[in-house]
Amino acid sequence: MHHRATAPSPSPSCSPSRRTLLTVTAAAAAAAVTGATAPAAHAARAETSDRGLRRIIDRMSLEEKVGQLFVTRVYGHSATDPDPSDADANLAEFGVRTAAELVERYHVGGIIYFAWAHNTRDPHQIAALSNGIQRAALARPRPVPVLISTDQEHGIVCRVGKPATLLPGAMALGAGGSRAHAREAARIAGAELAALGIRQNYAPDADVNVNPANPVIGVRSFGSEPGAVAGLVAAQVGGYQGAGVAATAKHFPGHGDTAVDSHYGLPTITHTREQWEELDAPPFRAAIAAGIDSIMTAHIVVPALDPSGDPATLSRPVLTGILRERLGYDGVVVTDALGMEGVRTKYGDERVPVLALKAGVDQLLNPPRLDVAWNAVLKAVRDGELAEARLDESILRILRLKARLGLFRQAYVAPEGVDRTVGTRSHLARADRIAEATTTLLRNEGGFLPLRPSRHGSVLVVGADPASPSGTTGPPTTTLATALGELGFTATALSTGTAPTAARIEEAVAAAAGRDVVVVATYNVTATGTQRTLVARLVATGVPVVTIAIRNPYDVARLTGQRATLATYSWTDVELRAAARVLAGRAEPRGRLPVPVRSADDPERTLYPVGYGLSYR
């Protein structure tokens, strides 16, 4: 992969430490070029780079070293002038008012952006926040740029919203089955993140979703087939990193077969070692072979890999024994968020970061109390529990990554780059085309679809309107109705929610009278949920019903009587617009199930196998 950055010429007034940084990182960036480089020459450049980076580490104070290991949230849209409420939140949680002060006090190596922390209002604001954070880091006596990150998986996990380009999520891309599309989606997403100063993305998800009841992964996974998932993961690694953004395969050693959400509990994966090798390991092996920059740990217990009962994030047998030694990975290892309950159930918040480092972690992500975690690591070194050399080992990996990304050469982003890259017409058009190839037609009784304005002109769209993943799209019923309206139909939206009340169901039934067709957006239908009642009551009116599963494709197994069913794997605008085009026959349904759909009454019976999908031809 190639990470290009323009190096500014150091001025004569540069301090020795700053001048050394610029010189060192020019070598470091050169060492990052991979591919057809001769091994001996590559090793020589890497040695030169590491020697320079080690000099940077040697000049750090212990407090600065500890800080480099942490990636934290911070509130506010500006590094120096946040809104008063965000300044108050920072003061309450960190004892400082601004992101700049946070960098100054804790010397943090990374910052993660969230919409709820008000970091991601609009592209130019995000770029300015990134520049403000870097300005604070580079103004220090021993300047080291900050690695800014976020979770921009697309689909149902998305921190940066419109006007940035929003793309299909992992399971949708799995349904599309195109590695080229997966790579292109990551390239577009990566280019836009890099233009905003976000240089590490916690994507792609490398979990193999073999459990339909998985409450935390589901459509965030590319599918249930390890080989297919591995190919798409590798493609996205190439796309992101080719665009100058560090990709992160997650959640090692594999979070795809759990019925517990590690945000709220500690899941146990009961796979044998052989099952793990066959099901969970292939995507991570593929990511490593593709040159993945970082791998995120999972807060899960896998007794076959470590019988201690410790979550993988804190497990030396898993992170050092398997990931480092067996799989040969020497890149950055980052924890999943340390505020999640899965990593906090066995040990206190002051022990978790220390145990994670002892297990083999490099980056400590978003602890619930930064001061507690930061001081715990500092104390562990001073008390001799953690060797300072152990910190140096992780910091070297982190600095190597920053150097490969060109951050030492040029940490800032330009407003023109935002305008030239983010949400461009060509990116938006490509997102629509990629999405069009993912919509999956699961049922089409008597060839009812596609709809025609001449025969099905009056359409009622009802159903679930879950919150927008990015806060900038939807609501789904409105998006579908608007898209159908643009395609020549007269469409009306009526939101009935994920748990329709009896009154709302009656309203929908009344609204269906005189319509040519009712489209129902379903969202994770359950055996006892009232979404089933809604569909049954609408079917009973005699008006043809079409359902669209806007999250998990398993909904089709719990519904009867509908004339047709589509699966979109997410409810963001780009996927819903594609579904509308498929409904109207403007696009062919080309998606194929990347997971099996089993009978709701008999899980051993497969209703729709992997690879299933109808077409109009």
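1. Five strands make up an open sheet, ordered E6-E3-E2-E1-E10, with parallel pairing. Strands here are DSSP runs of at least two residues and helices (H or I) runs of at least four, numbered from the N terminus. Two strands pair if DSSP finds at least two bridges between them. Strand E6 (200-201) and strand E10 (364-365) are the edges; each has a single partner strand, so one side of each lacks a neighbour in the sheet. E3 (residues 147-150) pairs with E6 in the parallel sense over two bridges. Serine 149 has glutamine 200 in E6 as its bridge partner.

2. Basis of the values. This is a predicted model: local features need pLDDT of at least 70, side-chain atom pairs count only at pLDDT 80 or more, and totals for chains, interfaces and linings use all residues. Residues are numbered from 1 along each chain as its sequence is written, and side-chain values use heavy atoms, with hydrogens and water left out.

3. Serine 78 sits in the loop between strand E1 (70-72) and helix H4 (84-94). Serine 78 is buried at 16% relative accessibility (buried is under 20% relative accessible area, exposed over 50%, partly exposed in between; 1.4 Å probe, protein chains only). A polar atom of the serine 78 side chain lies 3.2 Å from the backbone nitrogen of threonine 80. For the backbone nitrogen of aspartate 81, the distance to a polar atom of that side chain is 2.9 Å.

4. The count of salt bridges is 39 (a side-chain nitrogen of Lys or Arg within 4 Å of a carboxyl oxygen of Asp or Glu). Glutamate 93 and arginine 73 form one of them, at 2.7 Å, N to O. Glutamate 93 is in helix H4 and arginine 73 in the loop between E1 and H4, so the pair ties together parts 20 residues apart in sequence. Arginine 73 is buried at 7%; glutamate 93 is partly exposed at 26%.

5. Lysine 379 and aspartate 383 also form a salt bridge, with the closest N and O atoms 2.6 Å apart. Lysine 379 is exposed at 51%, and aspartate 383 is exposed at 52%.

6. The whole structure holds seven aromatic pairs (Phe, Tyr and Trp rings, the six-membered one for Trp, with centres within 6.5 Å; planes under 30 degrees apart are stacked, over 60 edge-to-face, the rest tilted). Tyrosine 523 and tryptophan 571 have ring centres 5.2 Å apart and planes at 70 degrees, so the pair is edge-to-face. The two residues are 48 residues apart. Tyrosine 523 is buried at 16%, and tryptophan 571 is buried at 5%.

Methods: A polar contact is a pair of N or O atoms within 3.5 Å; within protein, one must be able to donate a hydrogen and the other to accept it, and residues adjacent in sequence count only if both atoms are side-chain atoms.
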